[in-house]
Amino acid sequence: MRHDGTTRPGSGGRRALAARCRALTEARWFGLTVFALILANAAVLGVETYAGVVHRWQGELKLVEHGFLVVFTGEVLLRFGAYADRPRAFFRDPWNVFDLAVVLCAFLPFARENTTVLRLLRLARVLRTARFLPQLRIVLVAVGRSLPGTVSFLLVGALVLYVYAMVGWVFFAAHDPGHFGSIGRAVLTLFLLMTLDGLGDAVRAGLEISRWSIVYYASYVLIASFVLVNVLIGVVITSLDEARTMEERHDEEARRRAGADPRTGSDPRTGSDPRTGADPRVEVAPPEPGAPDGTEHELRARIATARRALDELEESLARLPGARR
């Protein structure tokens with residue numbers, strides 16, 4: 001739509017194309033079919049790990065892979081066609097960008113020539129199942145949102161690990177060089193102790209050196225295995241709640257858009273415009289010359305809608321039994 005109120009040439013065709021593609025890509029059977037093809041692609045990847053099968057059916061497997069590539073390319077084109085009337089909105093959805101990148105990378109020359117890279121790219125298609133599984137999508141979004149907090153956790157954990165490794169090297173290097181003979185061995189030993197693996201043996205070996213070693217191990221386990229790990233769990237749970245809230249908000253917006261008339265933007269149940277609350281059945285006087293663009297017209301529309309609602313309420317009240325005039 002231009003500023004003068006006229007329609008750009010070809011915009012009607014783009015809207016019609018977008019409507020057809022959107023009706024196809026949002027159909028339940030379409031999503032189930034793509035989901036089944038992704039699982040079939042994952043199964044073929046697993047079959048290719050058997051050398052005997054690959055040697056016998058190499059040509060057939062290659063033909064099946066080309067078929068998957070054609071189907072997934074067509075799917076991405078249909079999804080892009082659903083945004084024909086607003087192409088930029090296609091790239092605002094991270095899942096659309098991910099799908100497009102996975103498909104396009106398969107056409108890159110270096111990917112076609114390198115078997116290892118090509119298999120990794122084909123394996124990335126399996127992650128597309130998250131688009132069709134809302135709970136998995138929430139988990140992946142939560143993992144992404146928890147990365148900043150996880151980086152902070154790693155920095156604090158690395159600092160604690162380094163300090164305790166240096167202390168262990170100072171006190172235990174001479175008596176237990178196999179575990180604390182260098183800073184690298186001390187870090188490796190304490191990293192394994194973070195999972196409480198071999199803690200009993202480490203404590204017994206430390207008590208043979210000094211009874212005060214119990215303070216060293218107890219404080220390390222308390223800080224590294226309980227405090228820091230629980231902090232990480234708290235960060236992930238918080239990110240999971242935020243991701244679930246974002247998914248619910250996205251679903252609510254999608255339902256709101258689905259409940260509005262795509263041609264007029266009005267709600268079919270009430271007939272009102274969800275953006276202004278105006279009732280299109282009420283005639284509104286056009287804005288006077290010199291008034292701000294759209295401001296007075298919107299106010300008049302809201303006033304007219306409010307008057308109509310009051311009139312309908314008064315009529316309902318008059319129809320009540322025993323109502324007084």
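## Contacts along the chain

In the protein chain, residues 24 or more positions apart make up 57% of the contacts (heavy atoms within 4.5 Å) that have a separation of 6 or more. The model is predicted: local features need pLDDT of at least 70, side-chain atom pairs count only at pLDDT 80 or more, and totals for chains, interfaces and linings use all residues. Residues are numbered from 1 along each chain as its sequence is written, and side-chain values use heavy atoms, with hydrogens and water left out.

## Helices and burial

The protein chain has 15 helices and 0 strands, taken as DSSP runs (H or I, at least four residues, for helices; E, at least two, for strands) and numbered from the N terminus. Of its 325 residues, 28% are buried, that is, under 20% relative accessible area with a 1.4 Å probe, protein chains only.

## Nonpolar cores

A nonpolar core is a set of buried Ala, Val, Leu, Ile, Met, Phe, Trp, Tyr and Cys residues joined through side-chain atoms within 4.5 Å. The largest has 17 residues, and those touching the most other members are Tyr164, Phe180, Leu190, Leu193, Tyr216, Tyr217 and Tyr220. At least two residues each come from α10 (147–172), α12 (183–193), α13 (199–209) and α14 (213–259). Helix α10 gives the largest share, 6 residues.

Another core, of 11 residues, lies apart from this one and includes Ile38, Val44, Phe72 and Val103.

Conventions:
Buried < 20%, exposed > 50% of the residue type's maximum accessible area, 1.4 Å probe, protein only.
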